[in-house]
Amino acid sequence: MTPDQLADLRRASERLGADSLRRLLADPDRFAAWSHRVGPLLVDFSRQRLDGAALDALGGVLAGTDWEARRDAMFRGETINASERRAVLHTALRARQARLPALAPAAVLGEIAEALQRIEKLVAAVQAGRAEHGLPPGITDVVNVGIGGSDLGPRLAVEALDRFRTGRLTCHFLANLDGEGPARLMRTLDPRRTLVLLVSKSFTTQETLLNGQVLRDWIVAAYDGDAAAAQGHFVAVTANAAAAHAFGIAAERTLPMWDFVGGRYSVWSAVGLALALAIGSEAFTAFLHGGALIDDHFRTAPWRTNLPVLMALVGIWNRNALDLPGLAVIPYCDALRELPAFLQQLEMESLGKSVRPDGAPVAQATVPVLWGNVGSNAQHAFFQALHQGTDPVPVDFIGVIRPDHPLGANHRALLANMLAQAAALAAGKTFEEALAEAREGSEAERRVLAAQRTFPGNRPSTTILLDVLTPESLGALIALYEHKVFVQSLLWEVNAFDQWGVELGKVLAKAILPVLSGEADPAALDAATRGLVAAIRTRDVR
Ligand code: F6P
């Protein structure tokens with residue numbers, strides 16, 4: 001975005017003024033004009049502080065990005081992740097489910113098809129409890145060991161699609177270094193009936209390797225120290241087959257990841273194995289279908305009705321024209337409770353950048369801080385700040401129209417609350433309205449109370465409705481956000497597919513670890529780290 005374009009957007013937002021949402025929502029045609037349906041998703045932008053002229057201004061910025069050509073370059077597998085010299089082909093993982101012809105190279109599509117077949121065979125064997133592919137018989141529990149993109153996608157999907165669980169497998173997720181996680185699992189699971197999925201694109205991630213070793217020791221112990229007998233309990237999903245082999249995982253139980261799929265975009269690959277094991281291969285294919293549905297839409301719809309494009313433009317508007325530095329994601333659906341955490345990585349690891357691919361600083365602010373929790377719980381926690389805090393936070397409300405339980409009264413109340421929150425944020429309550437409601441006390445007291453009970457309003461939100469939560473609608477929802485992020489990366493001129501910002505901390509942790517265990521000299525550490533290390537070492541009396 002150029003400084004001139006940024007200034008144009010800001011001028012357009014000033015023109016709309018402080019009460020724009022009340023005014024805009026008075027138009028009876030507003031909902032029809034600003035909401036769009038694609039397959040099982042309906043996205044309503046009518047509570048965004050935008051009018052036609054503002055959208056035109058955003059369209060002007062979009063036009064300058066050459067977004068259609070760059071979108072097609074991504075689908076074709078061109079090297080758009082420049083800093084890592086990689087293609088970006090997560091869409092190829094669901095290309096077979098798309099209506100449009102695939103653009104990805106045939107060799108890539110072939111490898112993906114082969115991997116899918118291997119996933120299907122593995123799923124069939126584990127679900128049936130068969131001892132094939134070196135697996136032990138009678139697996140009842142699956143532990144996905146991975147972190148970041150090797151955890152958040154499958155964790156979200158397994159949780160969200162619990163109703164679609166087939167068979168007797170229970171999935172668990174182990175990500176954090178905190179030993180409490182593996183310790184708890186080892187207290188409750190039967191090692192001889194546990195299958196461990198070591199999911200790591202690099203197979204160098206400290207958390208995953210450490211937790212994997214802990215579980216390996218536990219399972220080997222259950223075979224009286226016979227490491228060979230324990231081997232079959234491990235499946236690797238990685239782009240580093242050599243490291244998986246060195247860990248002791250046989251090639252027949254090592255499924256591929258590829259350089260052309262980023263971790264946070266990888267749930268569609270064998271990284272989604274836990275999901276496939278939980279819901280079966282047919283439902284996993286339906287999940288891919290959902291993603292492909294949005295791919296087709298993204299590839300064909302004109303920008304004014306293209307959902308990922310519109311979501312991206314709305315995000316740019318809120319961040320750069322209205323200067324709002326946050327985004328809250330509030331699913332009114334317990335099954336989607338992991339969605340905010342998943343989107344945190346997708347959006348913030350992809351767009352949390354401040355230089356362009358050519359190394360020059362970006363011209364505008366980039367990713368907002370994304371956070372959230374399920375409604376209606378969140379209403380009773382942080383919604384006070386959303387309604388009356390000094391910093392407006394745009395919200396993505398996500399609701400499911402038809403629940404998968406018979407408790408209609410609960411569900412109607414849940415949706416009513418979601419709709420009410422969005423309406424309250426938009427309309428607010430003026431001081432005069434609050435004063436008219438305050439009936440007791442003197443005039444001065446009534447005015448003081450009315451000031452407390454005034455809601456500024458004009459706080460924007462988007463509402464996304466899923467017809468019903470299924471593998472397909474979940475796939476569509478995830479792909480919608482993936483492509484939103486892609487379009488925002490074009491508008492903000494950042495590479496959405498690298499993550500150099502996570503490296504420095506990893507390097508420092510490696511240097512601190514030996515100091516913490518007393519094997520290295522703390523002198524090279526900064527004063528704060530040195531002080532904290534000393535405090536830990538003095539009090540850790542184990
Ligand atoms: O540290 C960040 C990160 O590299 C993420 O991008 C990635 O999803 C996660 O770590 C896990 O990486 P891996 O799959 O290589 O273990």
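This is a short talk on the fold of one predicted protein model, from the whole chain down to one residue.

Ground rules first. The model is predicted, so local features need pLDDT of at least 70 and side-chain atom pairs count only at pLDDT 80 or more, while totals for chains, interfaces and linings use all residues. Residues are numbered from 1 along each chain as its sequence is written, and side-chain values use heavy atoms, with hydrogens and water left out.

Overall picture. The secondary structure comes to 22 helices and 11 strands. Those are DSSP runs, H or I of at least four residues for helices, E of at least two for strands, numbered from the N terminus. The C-alpha trace spans about 80 × 60 × 55 Å along its principal axes.

Now burial. Of the 542 residues, 51% count as buried, meaning under 20% relative accessible area with a 1.4 Å probe, protein chains only.

Which helix is mostly covered? Helix 7, residues 152-160, with seven of its nine residues buried. They are Leu-152, Gly-153, Pro-154, Leu-156, Ala-157, Val-158 and Ala-160. The cover includes strand 3 (141-145) and strand 4 (170-174). It also includes helix 12 (273-279), helix 15 (339-351) and helix 20 (471-492).

Next, a helix pair. Helix 1 (residues 3-16) packs on helix 4 (residues 52-63) at about 170°, axes 10 Å apart. So helix 1 is roughly antiparallel to helix 4, the label for angles over 145 degrees. Axes are lines fitted to C-alpha atoms over the stretch in contact, and angles run from 0 to 180 degrees between N-to-C directions.

Who meets whom? From helix 1: Gln-5, Leu-9, Arg-15 and Leu-16. From helix 4: Ala-53, Ala-54, Ala-57, Leu-58, Gly-60 and Val-61. Contact means heavy atoms within 4.5 Å. The residues divide into seven nonpolar, two polar and one charged. Here Ala, Val, Leu, Ile, Met, Phe, Trp, Tyr, Cys and Pro count as nonpolar, Asp, Glu, Lys and Arg as charged, and the others, Gly among them, as polar.

Last stop, Val-61 in helix 4. Buried or exposed? Val-61 counts as buried, at 5% relative accessibility. Val-61 touches Met-1, Gln-5, Leu-9 and Leu-491, leaving aside residues up to four places away in sequence. Leu-9 is 52 residues from Val-61 along the chain, yet their C-alpha atoms are separated by 9.1 Å.

Technical notes
Parallel < 35°, antiparallel > 145°, perpendicular 65-115°, else oblique. Buried < 20%, exposed > 50% of the residue type's maximum accessible area, 1.4 Å probe, protein only.
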